[in-house]
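Subject: Structure for your review

Hello,

Here is the structure I said I would pass on. My notes on it follow below.

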Amino acid sequence: MESVDNKNSIFKEMEEDIYSSKLPEIEKQKILKNILKLKEQKINIMITGATGCGKSSTINALFNTQVAKVGVGVDPETMEITKYDLDNLVLWDSPGLGDGKEADNRHSKNIIKKLAECDEHGNALIDLVLVLLDGSTRDLGTSYELINQVIIPNLGENKKNKRDRILVAINQCDVAMKGRYWNFEENKPEPTLIQFLDDKVESVRKRIKEGTGVDITPIYYSAGFKDQGEEQRPYNLSKLLYFIIQHTPKEKRLAYVNNISDKDEMWKDSDDLKDYSTEIKQSFADTVSECAADGADVGEDIGKIFGKTGETIGRAAGRIIGTVAGVGKAVWNVITSW
Ligand SMILES: Nc1nc2c(ncn2[C@@H]2O[C@H](COP(=O)(O)OP(=O)(O)O)[C@@H](O)[C@H]2O)c(=O)[nH]1
Ligand SMILES: [Mg+2]
């Protein structure tokens with residue numbers, strides 16, 4: 001599959017589309033100015049959770065880079081928040097709780113400090129906190145402590161804002177019942193495991209609601225186990241990305257276009273509750289039509305004006321074809337015809 005090699009290509013293509021359009025000069029200038037603004041947007045995501053829950057594996061699966069070392073022994077003495085700068089997308093890999101009292105104290109302080117940081121516009125630096133839970137453990141006590149005592153109280157005052165800035169995802173769903181009821185051939189859960197995971201989602205939701213009054217909807221997925229010489233094969237990663245994008249302010253969403261993994265295996269398997277590919281593509285398209293064209297008179301032909309841009313978005317979203325039966329071609333048609 002074709003990959004996007006130029007890091008800035010989505011913005012470059014948007015500019016090229018505008019230069020080569022027949023729009024009046026004044027509208028062109030308005031749109032180019034908007035594109036410049038979009039280009040400067042950075043999305044900052046904090047990824048946190050107990051050691052071994054799968055933060056590194058998740059980062060590597062989602063994004064077009066193998067930045068994070070998997071299963072690396074953690075030294076709680078020196079453990080700090082690690083920054084991965086992926087061009088418009090900045091990831092903060094932060095240890096959660098469960099490494100002992102002293103380390104936990106330090107980690108909490110680091111997280112709270114990071115959450116209080118502001119960007120150059122005076123807005124909170126961290127747009128979104130992705131909290132990962134290890135679905136294979138029964139004892140999620142330290143995770144609730146992390147979410148209810150450390151993260152949610154430090155996401156601002158407003159409940160709606162808090163909800164928008166946190167995403168809780170239960171990883172390792174494949175081994176949630178010690179590997180039982182996981183269909184290894186098809187890389188998906190059997191009904192018994194689905195029921196177990198749905199119950200888990202509900203109990204996590206409840207515990208957070210009871211502890212904080214904030215009502216969020218956790219999801220489950222698997223970043224996929226990777227042994228030496230084996231391929232990583234996630235489940236529901238497209239769903240996770242869909243939720244991440246939904247939790248990302250519109251004007252920052254294009255940062256994902258050039259960064260999402262171009263390995264097909266990462267996106268192959270997911271539940272069929274939604275057509276995540278089309279939804280993701282639509283999110284990107286909305287950003288282009290609402291943010292780039294903001295204040296400019298482009299008429300009805302926005303899809304035609306942003307022809308190249310649409311193709312790039314289509315390619316990016318097209319990688320993320322879920323398991324929705326028979327929908328593949330239809331999705332592609334929608335993508336290429338917007
Ligand atoms: N079975 C299974 N193993 C996983 C999954 N995600 C991560 N792992 C394994 O869990 C271990 C810890 O993962 P890692 O990404 O280093 O966790 P981190 O400490 O949170 O960064 C590694 O051996 C991974 O291969 C998953 O979804 N399923
Ligand atoms: Mg790690």
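Which residues does Val-204 touch, not counting residues up to four places away in sequence? They are Leu-133, Leu-140, Tyr-144, Val-168, Ile-170 and Pro-218. Please keep in mind that this is a predicted model.

Val-204 lies in helix H7, which covers residues 191-212. Its relative accessible area is 0%, so Val-204 is buried.

Strand S1 (residues 43-49) pairs with strand S3 (residues 89-95) in the parallel sense, over 7 bridges. In that pairing Ile-47 is opposite Asp-93 of S3. S1 is also joined to strand S4 (residues 128-134), again running parallel, by 4 bridges. Here Thr-48 has Val-131 of S4 as its bridge partner.

How many of the residues of S1 are buried? The count is 7 of the 7, so S1 is largely enclosed by the rest of the structure. In a regular strand the side chains alternate between the two faces of the sheet. For S1 both faces are covered: one side has Ile-43, Ile-45, Ile-47 and Gly-49, the other has Asn-44, Met-46 and Thr-48, and all of these are buried.

S2 and S3 pair in the antiparallel sense, over 4 bridges. Lys-83 stands opposite Trp-92 of S3. The two strands form a hairpin with 3 residues between them, where Asp-87 takes a positive phi near 70 degrees.

The helices

Helix H1 (residues 9-19) packs against helix H2 (residues 25-40) at an angle of about 180 degrees, and their axes are 10 Å apart. Angles over 145 degrees count as roughly antiparallel, which is therefore the description of H1 relative to H2. On the H1 side the contact is made by Phe-11, Met-14, Glu-15, Ile-18 and Tyr-19. These meet Lys-28, Ile-31, Leu-32, Ile-35, Leu-38 and Lys-39 in H2. By class, the residues of this contact are 8 nonpolar, no polar and 3 charged.

Helix H10 (residues 276-292) has 17 residues. From its first C-alpha to its last H10 reaches 23 Å, close to the 24 Å expected at 1.5 Å a residue. Buried residues in H10 include Tyr-276, Ile-280, Phe-284, Thr-287, Val-288 and Cys-291. Ser-277, Lys-281, Ser-283, Ala-285 and Ala-292 are also buried. As background, an α-helix has 3.6 residues a turn, so residues three or four places apart point the same way.

Thr-312 is in helix H12 (residues 307-318). Is Thr-312 buried or exposed? Its relative accessibility is 1%, so Thr-312 counts as buried. Leaving aside neighbours within four places in sequence, Thr-312 is in contact with Ile-10, Glu-13 and Val-257.

Regards

Key
Residues are numbered from 1 along each chain as its sequence is written. Chains are lettered from A and ligands numbered from 1 in the order in which they are written. This is a predicted model: local features need pLDDT of at least 70, side-chain atom pairs count only at pLDDT 80 or more; totals for chains, interfaces and linings use all residues. Side-chain values use heavy atoms; hydrogens and water are left out. Two strands pair if DSSP finds at least two bridges between them. Axes are lines fitted to C-alpha atoms, for helices over the stretch in contact, and angles run from 0 to 180 degrees between N-to-C directions. Angles under 35 degrees count as roughly parallel, over 145 as roughly antiparallel, 65 to 115 as roughly perpendicular and the rest as oblique. Contact means heavy atoms within 4.5 Å. Ala, Val, Leu, Ile, Met, Phe, Trp, Tyr, Cys and Pro count as nonpolar, Asp, Glu, Lys and Arg as charged, and the others, Gly among them, as polar. Buried means under 20% relative accessible area, exposed over 50%, partly exposed in between (1.4 Å probe, protein chains only). The expected span of a helix is 1.5 Å times one less than its number of residues.
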